[in-house]
Amino acid sequence: MDTSIVIAILIVAVAILVICAGVKVVPQSETRVVERLGRFHSVLSPGLNIIVPFIDKPKVVYTRRIETAVNGRQIVRMTATSAIDLREQVYDFPSQQVITRDNVTTEINALLYFQIVDPKKAVYEIDNLPNAIEKLTQTSLRNVIGELELDETLTSRDTINSKLQGILDDATNKWGVKVNRVELQDITPPQSVRIAMEKQMQAERNRRAEILNAEGEKQSLILRSEGEKMSRINQAEALKQSQILKAEGESRAKIQLAEAEAEAIRRVAEAVQATQTDPATYLLAQKYIETLKEMTTGKDNKTVYIPYEASSVLSSIGSIKNLFGKQ
């Protein structure tokens with residue numbers, strides 16, 4: 001009785017063991033590559049899967065995992081597992097020294113984002129996929145940086161990222177891997193180069209400041225000269241307007257004086273005509289008397305000689321006397 005119970009328990013245990021070996025539950029976003037008697041058989045999909053116990057076996061692959069030690073240092077470990085993660089993964093590679101085209105040694109560390117799209121190729125086309133991706137990234141980064149100078153390396157991260165992404169994607173395509181993007185985290189030149197770059201940047205800032213000051217002085221001189229120019233133009237315009245107004249005033253004064261003289265002559269002519277005297281003779285005699293008055297005016301004694309022709313003019317003085325007498 002006891003023997004039959006033991007045998008039954010053994011049978012149940014073996015059955016449970018067989019069932020557990022034949023039933024595989026695959027989590028979402030994961031898969032397994034199953035081999036039957038050492039040959040590829042199938043790729044398990046997420047969910048419940050049935051395999052032949054002890055004949056079908058999941059293929060063991062390597063995964064890369066980063067662990068933090070007690071002292072805070074990160075350690076990269078390679079572990080063996082049958083699970084293949086189909087999600088996008090990121091590899092943070094440690095800093096490596098690369099040499100630029102101008103022979104400057106610098107340290108660069110990169111991030112790689114990739115995804116396994118063909119589990120069969122990822123298992124059978126490469127022995128250790130994480131290690132192969134790491135080494136390929138490092139060598140490709142050296143090749144790309146070696147074609148650039150230090151200044152181009154520091155200012156062309158997007159170009160380097162795109163170029164690396166294209167190179168790695170082409171190289172890993174046969175491994176069933178899709179490289180989505182590559183990001184350079186830190187680019188650290190040597191200490192001497194950083195000091196020289198800081199001095200260069202300071203000199204560039206000083207140069208720009210001097211240029212800005214010179215531009216400011218130039219604009220100030222231009223504005224000042226423009227102001228002086230406009231001031232002179234305004235003064236010239238004011239002088240011009242003043243002279244024009246003065247000329248117009250003198251012209252109007254002469255016109256009014258001429259009109260007044262014309263009116264005076266008209267009235268005198270009317271009065272002279274009343275006395276039957278020649279107006280021209282009268283006016284000539286009047287001007288002659290005024291001229292003689294000016295000639296004899298002064299402190300010094302003067303001798304005035306009257307030409308003979310003036311006697312005819314002086315003869316009109318009597319007629320003037322008669323004119324005023326009648327008036």
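Reader: How many residues does the protein have, and what share of them count as buried?

Author: There are 327 residues in the protein, and 24% of them count as buried. Keep in mind that this is a predicted model. As for secondary structure, the protein has 9 helices and 12 strands.

Reader: What makes the Phe-40 and Tyr-124 pair edge-to-face?

Author: Two values settle it. The ring centres of Phe-40 and Tyr-124 are 5.9 Å apart, and rings pair if their centres lie within 6.5 Å. The planes of Phe-40 and Tyr-124 stand at 85°, and planes over 60 degrees apart count as edge-to-face. So the pair is edge-to-face. It's one of 3 aromatic pairs in the whole structure.

Reader: Where in the chain do Phe-40 and Tyr-124 sit?

Author: Phe-40 is in strand S3 (residues 39-44) and Tyr-124 is in helix H2 (residues 119-124), so the pair links distant parts of the chain, 84 residues apart.

Reader: Why are Phe-40 and Tyr-124 called partly exposed?

Author: Buried means under 20% relative accessible area and exposed means over 50%, with partly exposed in between. Phe-40 comes out at 31% and Tyr-124 at 35%, so each counts as partly exposed.

Reader: Are Tyr-91 and Phe-114 buried or exposed?

Author: With the buried cut-off at under 20%, Tyr-91 at 5% counts as buried. Phe-114, at 1%, is buried too. Ring pairs also link Tyr-91, Phe-93 and Phe-114 into a cluster.

Reader: Which residue lies over the face of Tyr-91, and what sits over the ring of Tyr-113?

Author: Over Tyr-91 it's Arg-64, at 4.9 Å from the ring centre. Over Tyr-113 it's the charged end of Arg-181, 4.0 Å from the centre. The distance limit for a charge over a ring is 6 Å, and each of these values is within it.

Reader: What span does helix H3 reach, and what is expected?

Author: Helix H3 (residues 129-146) has 18 residues and reaches 26 Å from its first C-alpha to its last, close to the expected 26 Å. At the start of H3, a side-chain oxygen of Asn-128 comes to within 3.4 Å of the backbone nitrogen of Asn-131.

Reader: Why does Leu-129 count as buried?

Author: The relative accessibility of Leu-129 is 10%, and the cut-off is under 20%, so Leu-129 counts as buried. Setting aside residues up to four places away in sequence, Leu-129 touches Ile-116, Ala-122, Trp-175 and Val-177.

Note on methods. Residues are numbered from 1 along each chain as its sequence is written. This is a predicted model: local features need pLDDT of at least 70, side-chain atom pairs count only at pLDDT 80 or more; totals for chains, interfaces and linings use all residues. Side-chain values use heavy atoms; hydrogens and water are left out. Helices (H or I, at least four residues) and strands (E, at least two) are DSSP runs, numbered from the N terminus. Buried means under 20% relative accessible area, exposed over 50%, partly exposed in between (1.4 Å probe, protein chains only). Rings of Phe, Tyr and Trp (its six-membered ring) pair if their centres lie within 6.5 Å; planes under 30 degrees apart count as stacked, over 60 as edge-to-face and the rest as tilted. A charge sits over a ring if NZ of Lys or CZ of Arg is within 6 Å of the ring centre and within 35 degrees of the ring normal. The expected span of a helix is 1.5 Å times one less than its number of residues. A polar contact is a pair of N or O atoms within 3.5 Å; within protein, one must be able to donate a hydrogen and the other to accept it, and residues adjacent in sequence count only if both atoms are side-chain atoms. Contact means heavy atoms within 4.5 Å.
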